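I opened the notebook to record what I looked up, one topic to an entry. The sequence and the structure come before my notes.

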Amino acid sequence: MAVLEILEFPDPRLRTKAKPVTDVDDRIRNLVADMFDTMYAAPGIGLAATQVNVHEQVIVIDLTEDRSQPMVFINPEITVLGDETADYEEGCLSVPGYTEPVARPTQVKVKALNEQGESFEMIPEDLLAVCIQHEIDHLQGKLFVDYLSPLKRQRIRSKLEKAHRVGA
Ligand code: NI
């Protein structure tokens, strides 16, 4: 197991569309283990494979502080069930240091495969619904800053680019 490097906005690799996983095998289970290590080390509550430069449809989430509810979503598909949306203050390990409110549907259904390759469905609520939608966006090459005004997005981009230059 290993802590992987997390790509940061505006790295163009974050714009890659992830491919579906064809076999949920040991290679994928190793990736999942590394993604949990990486997410917990950050620390964060969700991570998409895209963020560690692996462009396959794998997401890990754990909303608990004691790391007691690890969840894996492979090839997730989301269906919006209602018109209701709500704002939630979102952050992202690929956009460190920034949070902004993003409006998303509150009622969604998710279908995915687990680590054993078994299909399951769930209706996530509250923060879990937000988090799953945020992570599925990553698999499609989308970031939460894409929902902000161009001005706000540009401001965050400039500051992160400057931070990356200083860090490098
Ligand atoms: Ni994120």
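This is a predicted model: local features need pLDDT of at least 70, side-chain atom pairs count only at pLDDT 80 or more; totals for chains, interfaces and linings use all residues.

**Helix α1.** I checked the length of helix α1 (residues 26–41) first: its 16 residues, at 1.5 Å a residue, should span 22 Å, and the end C-alpha atoms are 22 Å apart, which agrees. The expected span is taken as 1.5 Å times one less than the number of residues.

Residues are numbered from 1 along each chain as its sequence is written, and side-chain values use heavy atoms, with hydrogens and water left out.

I then listed the buried residues of α1, among them Ile 28, Leu 31, Val 32 and Met 35, where buried means under 20% relative accessible area, exposed over 50% and partly exposed in between, with a 1.4 Å probe and protein chains only. The cover over these buried residues includes β1 (46–48), β2 (58–61) and β3 (71–80), judged by contact, meaning heavy atoms within 4.5 Å.

**Aromatic pairs.** I searched the whole structure and noted two aromatic pairs; rings of Phe, Tyr and Trp (its six-membered ring) pair if their centres lie within 6.5 Å, and planes under 30 degrees apart count as stacked, over 60 as edge-to-face and the rest as tilted. Phe 73 counts as buried at 1% relative accessibility, whereas Phe 120 is partly exposed at 24%.

**The nickel ion.** Which atoms coordinate the nickel ion? I found Cys 92 (SG), His 134 (NE2) and His 138 (NE2), at 2.1 to 2.2 Å, with the spacing C-x41-H-x3-H along the chain. Cys 92, in the loop between β4 (85–90) and β5, and His 134, in helix α2, are 42 residues apart and link distant parts of the chain; both are buried. Donors are N, O and S atoms within 2.8 Å of the metal (3.2 Å for Na, K and Ca), and water is not among the atoms, so I keep in mind that sites may look incomplete.

**Arg 104.** I located Arg 104 in strand β5 (residues 100–105) and found it buried, with a relative accessible area of 4%. Its side chain makes a polar contact of 2.7 Å with the side chain of Glu 90; the term covers a pair of N or O atoms within 3.5 Å, where within protein one must be able to donate a hydrogen and the other to accept it, and residues adjacent in sequence count only if both atoms are side-chain atoms. Leaving aside neighbours within four places in sequence, the contacts of Arg 104 include Glu 84, His 134 and Tyr 147.

Terms used. Helices (H or I, at least four residues) and strands (E, at least two) are DSSP runs, numbered from the N terminus.
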